[in-house]
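Please keep the sequence and the coordinates open while reading.

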Amino acid sequence: MMHKKWIGGVLLLLFGMFTSVLGAFIGINIGTDVSDLPSETDTVALLKAHQISHVRLYNADTHMLKALSNSGIEVMVGVTNEEVLGIGQSPSTAAAWINKNVAAYLPSTNITAIAVGSEVLTSIPHAAPVLVSAMNSLHKALVASNLNYQVKISTPQSMDIIPKPFPPSTAGFNLSWGPTIYQILQFIKNTNSYYMLNAYPYYGYTEGNGIFPLDYALFRPLPSVKQIVDPNTLFHYTSMFDAMVDATYYSIEAFNFSGISIVVTESGWPWFGGSNEPDANTGNAQTYTNNLIRRVLNDSGPPSQPKLPINTYIYELFNEDERPGPVSGKNWGVLFTNGSSVYPLSLSTSNQNTGNSSGVFCVAKADADPDKLQDGLNWACGQGQANCTPIQKGQRCYLPNTIANHASYAFNDYYQKMQSVGGTCDFDDTAMTTTVDPSKFLSTFCYALTIGYVWVHQTLFLY
């Protein structure tokens, strides 16, 4: 009984680490142009498995909002571009939208923000004249429902409205949109909201005519002879991402506004592209996304605003294979729809580390024959006496539901228990050892339990 209480105490402590109360957060976008989109319940289970604390929806889908109920996940809902015009022209339509898509789900579904449209100024410019009217009408509806302190309203914009983002200190908004941008900033200031920015170094690099090196776009260190420096402020920019955020801060400042923070509502890198898109590949996508997560979670801002963290939503959860346009546009997802990772990635906002005494793990080979993997999985869970209960349907480690991920779990559980008495990591040549923590592939929580100990704030807990 004391053992169970002790375990419960550790799990409670771990759970508290998965959500950053004061620091920056990493969220994720969920698009719906997917041919085999998982059920809403399965999608929420994946979010929980990866300890994702914030999501952005591009609409206000009732099934998704119900599935997110009591999950604790903070939700940003979206007014679609098709809805902006009607809401901007009719306060009663705005009130009905709030009642139907926000008030009806609070407080069980933790809706905290509304994104009005997506890059309205550049994607549907004909709606720009009523954009701020839409925002004002939605806000008045929130006030009427006493939800204006719980839910913030803003509108995501692309970097395209800043014609010359470098050097950041001289950046400014496109003045042809000046009156509308001024009204947006005034609304944000008056309602204590924030500026929503879609920042894509992928496009900054691929459309930059070779001006900036790839390493700069991927957060990689630059040699001393290639440092990126703003000649006016002498600020050093170690990444294009930081430069884009700072260019936006300076653009806001040029309109004589201060005290407005920026949330990056989209940023990512495509993992596959057409023959004319060589930079859209898994290596670059893995490097960018993992480095972006590390960058955001260090809780610092860009050079001009070092104390303002850059909360960021990764684009995106699943590949949207039904999106029109180039091949790369369909391949931004970090997970396949079966729950497996497109590339090794840790989406957890936890500062937890998992490991074992040797730092060596046993995982399934990426190119392993599925039939042999299944045989190995059956052996590990049977004769090998691995603890496979957590990967059964409905259990905490069932997702991602693939043979490879279930096999990796079982193989590693067997290996950690048996290597000291001669157990190997082979399984008919379907497994391999690695020094890469397998929590990068599956839930950190699942592997913390599998491996046998966890580090919590530099304290080692054994069980």
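Is Phe 427 buried or exposed? Phe 427 is buried, with a relative accessible area of 12%, where buried stands for under 20% relative accessible area, exposed for over 50% and partly exposed for values in between (1.4 Å probe, protein chains only).

## Basis of the model

This is a predicted model, in which local features need pLDDT of at least 70 and side-chain atom pairs count only at pLDDT 80 or more, whereas totals for chains, interfaces and linings use all residues. Residues are numbered from 1 along each chain as its sequence is written, and side-chain values use heavy atoms, with hydrogens and water left out.

## Overall composition

The protein holds 15 helices and 16 strands, these being DSSP runs numbered from the N terminus (H or I of at least four residues for helices, E of at least two for strands). Of its 463 residues, 55% are buried.

A nonpolar core is a set of buried Ala, Val, Leu, Ile, Met, Phe, Trp, Tyr and Cys residues joined through side-chain atoms within 4.5 Å. The largest has 104 residues, and those with the most contacts inside it are Leu 47, Trp 97, Val 102, Ile 114, Val 116 and Tyr 195. Helix H11 (residues 240–254) gives the largest share of this core, nine residues. A second, separate core of 19 residues includes Leu 377, Ala 386, Tyr 414 and Ala 431.

Helix H4 (residues 81–89) and helix H7 (residues 128–144) pack at an angle of about 70°, their axes lying 7 Å apart; the axes are lines fitted to C-alpha atoms, for helices over the stretch in contact, and angles run from 0 to 180 degrees between N-to-C directions. H4 and H7 are therefore roughly perpendicular to each other, the word covering 65 to 115 degrees, while angles under 35 count as roughly parallel, over 145 as roughly antiparallel and the rest as oblique. In H4 the contact involves Val 84, Leu 85, Ile 87, Gly 88 and Gln 89, which meet Val 130, Leu 131, Ser 133, Ala 134, Ser 137 and Leu 138 in H7. Val 116 touches residues of this pair as well, including Val 84, Leu 131, Ala 134 and Leu 138.

## Backbone exceptions

Most residues other than glycine have a negative phi, and most peptide bonds are trans. Phe 427, in the loop between helix H14 (403–418) and strand S14 (431–434), has a positive phi near 50°. Gln 51, in the loop between helix H2 (40–49) and strand S2 (54–57), likewise has a positive phi, of about 55°, and is buried at a relative accessible area of 8%.

The peptide bond from Phe 166 to Pro 167 is cis, with omega near 0°, and the bond from Tyr 315 to Glu 316 is also cis, with omega near 10°.

## Surroundings of Phe 411

Phe 411, placed in helix H14, is buried with a relative accessible area of 0%. Its contacts beyond four places in sequence include Phe 427, Leu 377 and Ala 431.

Note on methods:
Contact = heavy atoms within 4.5 Å.
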